[in-house]
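Q: Could you walk me through this structure, piece by piece, while I look at it?
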Amino acid sequence: MAGLLFLFSGDTPALAVDGGGTIVTGSSTFSSHVRRFNNAGAAIDGGGLFAFNHLNLKGVSVATGDVNGDGKQDVVVGDGGNTDTNNITAAGDVRVIAPTGAEVTHLAPYGAAWHGAVNVAAADLDGDGKDEVITGPGPGGGPNVKVFKWNGTALSEIASWFAYDALFHGGVFVAGGDGEVITGPGPGGGPHVKLWSPNDQGAIQLDSQFFAYDGRFAGGVHVGTGDFNNDGLDDIVTGPGPGGGPDVRTFQFDGGNPDHEFMAFDPGFTGGVYVAGLGVPGSGPDQIVIGPGAGGGPNVKIFNPSGSPTASFYAYDAKFFGGVMVAAIRNPASDSPAPPGSSTTSALPSTTTSHPTTSTSHPTTTTTAG
Ligand SMILES: [Ca+2]
Ligand SMILES: [Ca+2]
Ligand SMILES: [Ca+2]
């Protein structure tokens, strides 16, 4: 039986089940180590779990949301790449894991032959109270974004499209909020954020796009969502990919000038930063969780949107410099689903994506985050 090596252990606080305030981290290289923390940085599940036992794992991406609609926030884990040839189909490239540690479901969004990374997000795109799983391939794959919806027993693909030029093989980072899928190119791409939703006919349309940083920057852009200006509408938080400074920005969905901008680490750190919106029950605007890219220590930080740090902790051993992907539970009360009438259950153009295997080198920096 492939898969879970360690269950989430110990107490599962109510925060982790039905409210905001919980942070999920994933090792972005070397292993599939997933952990959870509260908004003060305390571990809430002991040592966490190793989500995959694929050969030569290259890390994981993480998301959190209630995928199966049971009121409990699941953890979605995407394989960061591997060299397995045997058990991918059995184990999947994406696993949905309940707070108890039990697997809800797994799937292989890009087929059994795909051994690259899968970036994941979870968001309720159609307002039915269940979070859809959004996937984007890592480097080596075409920019084929997919959306999967819970069908009562498993996840079914309901949308599939190319978010960028089909020849771009740097990967796609994904997020979701207020009925929109948000995409950012992986390394090699510009900081080109795009927002997508189904049109009246159910086909995916591009609603908005903007450059989060100087258009000449080619390290890609990480994206997350939260209500950072506290107006009840979701906003986007961005962090540069490798090669950029730790320059975190928040934007409203129509782009324009950022509402907030701050440096999450020493400005000299150029490993890139992963970003996520964090809801804290009873508080105002969503906060921002930051994980360093490869080259930085495992120092996860939480900030108010204005850039004031509220917590800082090591998600993994202090000697781990592989980077930390982050996700967090949003504040459910502030999460506005898509308006009635929009639906992603429709015939979408089915795309055939080839995933040539390339070896993408991520710039390695020796600067320590934090
Ligand atoms: Ca659930
Ligand atoms: Ca839904
Ligand atoms: Ca907002």
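**Reading the chain together**

Q: Let's start with Phe-30: how many C-beta neighbours does Phe-30 have inside 10 Å, and is Phe-30 buried or partly exposed?
A: Phe-30 counts as partly exposed, because it has 17 C-beta neighbours inside 10 Å. Please keep in mind that this is a predicted model.

Q: Where is the place of Phe-30, and what is its phi?
A: Phe-30 sits in the loop between strand 1 (22-27) and strand 2 (33-38), and its phi is near 75°, a positive value in a residue other than glycine.

Q: What about Asn-230, and what phi does that residue have?
A: Asn-230 is not a glycine and yet has a positive phi of about 60°; it is found in the loop between strand 16 (221-226) and strand 17 (235-240). With 13 C-beta neighbours inside 10 Å, Asn-230 counts as partly exposed.

Q: OK, stepping back, how many helices and strands are in the chain?
A: The secondary structure of the chain comes to 2 helices and 24 strands. Of the 370 residues in the chain, 58% are buried.

Q: Can we look at one strand, then: how many residues of strand 8 are buried?
A: In strand 8 (residues 118-123), 6 of the 6 residues are buried, so this strand is largely enclosed by the rest of the structure.

Q: Which residues point which way from strand 8?
A: Val-118, Val-120 and Ala-122 point one way, while Asn-119, Ala-121 and Ala-123 point the other way, and all are buried. In a regular strand the side chains alternate between the two faces of the sheet.

Q: In what sense do strand 8 and strand 9 pair?
A: Strand 8 pairs with strand 9 (residues 132-137) in the antiparallel sense, over 6 bridges, and the bridge partner of Val-118 in strand 9 is Pro-137.

Q: New topic: where is Tyr-274 found, and why does it count as buried?
A: Tyr-274 is found in strand 20 (residues 273-278), and it counts as buried because it has 27 C-beta neighbours inside 10 Å.

Q: Which residues is Tyr-274 in contact with, leaving aside its neighbours within four places in sequence?
A: Its contacts are His-222, Gly-239, Ile-290, Gly-291, Gly-293, Val-324, Met-325 and Val-326. Taking one of these, Met-325 is 51 residues from Tyr-274 in sequence, and the two are 5.7 Å apart in space, C-alpha to C-alpha.

Q: And last, where does Gly-284 lie?
A: Gly-284 lies in the loop between strand 20 and strand 21 (287-292), and it counts as partly exposed, with 14 C-beta neighbours inside 10 Å.

Definitions and conventions
Residues are numbered from 1 along each chain as its sequence is written. Chains are lettered from A and ligands numbered from 1 in the order in which they are written. This is a predicted model: local features need pLDDT of at least 70, side-chain atom pairs count only at pLDDT 80 or more; totals for chains, interfaces and linings use all residues. Helices (H or I, at least four residues) and strands (E, at least two) are DSSP runs, numbered from the N terminus. A residue is buried if 20 or more other C-beta atoms lie within 10 Å of its own, exposed if 12 or fewer, and partly exposed in between; C-beta atoms are placed from the backbone. Two residues are in contact if their C-beta atoms, placed from the backbone, lie within 7 Å. Two strands pair if DSSP finds at least two bridges between them.
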